[in-house]
Amino acid sequence: MKILVIEDNEKHLRDAKKFFSAMSEIEVLYAEDYRGANVEEKLKEVGGVISDIFFPLKKGDKTWGQEEPIGVSIMMRCRELKLPCILNTSGYHHGSRYQWICDLQRDFSLPEIVDSTGDYFKEAETKNWQRAFDELSKLLKYNT
């Protein structure tokens, strides 16, 4: 199985690589942004996606002064491609930055955000890669 993991945070990316390195049956492509990593092409090569929510369009580009919720675009593009996609965040799905995304997912009957904290305002130091992978695996089995 080949999946795409999109993560721009260096610590979370290291954690993801460590988590997936123990899985010989999984080939993982990584992307730290959208354009620079050529995500649109990578979507054609994989069976599923685990994506961060807030990351830059292109690494180093802070045109808007902050990272944008490009993971939402990834989620909707995957929906068009009928490609399983899980959004993985260090935040809380009902938190101040995420509630609208949670509502959108429910409106479109998409998988819930995998979050890592229950705090409305603070981000966790680590992401729950195991749960994100478990949720993606469920979707992959359902789609085969």
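Cys102 counts as buried because its relative accessibility is 0% (buried is under 20% relative accessible area, exposed over 50%, partly exposed in between, with a 1.4 Å probe and protein chains only). Keep in mind that this is a predicted model, where local features need pLDDT of at least 70 and side-chain atom pairs 80 or more, while totals for chains, interfaces and linings use all residues. Residues are numbered from 1 along each chain as its sequence is written, and side-chain values use heavy atoms, leaving out hydrogens and water.

Cys85 is buried too, with a relative accessible area of 7%. How many disulfides does the structure hold? The number is zero, taking a disulfide as a pair of cysteine sulfur atoms within 2.5 Å. The sulfur of Cys85 has its closest cysteine sulfur in Cys78, but 4.1 Å is too far for a bond. For Cys102, the nearest cysteine sulfur is that of Cys85, 15 Å away.

Now to the sheet. It is open, and its four strands follow the order 2-1-3-4 with parallel pairing (strands are DSSP runs of E, at least two residues, and helices of H or I, at least four, numbered from the N terminus; two strands pair if DSSP finds at least two bridges between them). Strand 2 (27-31) and strand 4 are at the edges, each with a single partner strand, so one side of each has no neighbour in the sheet. Strand 1 (residues 2-6) pairs with strand 2 over five bridges, and Val5 stands opposite Tyr30 in strand 2.
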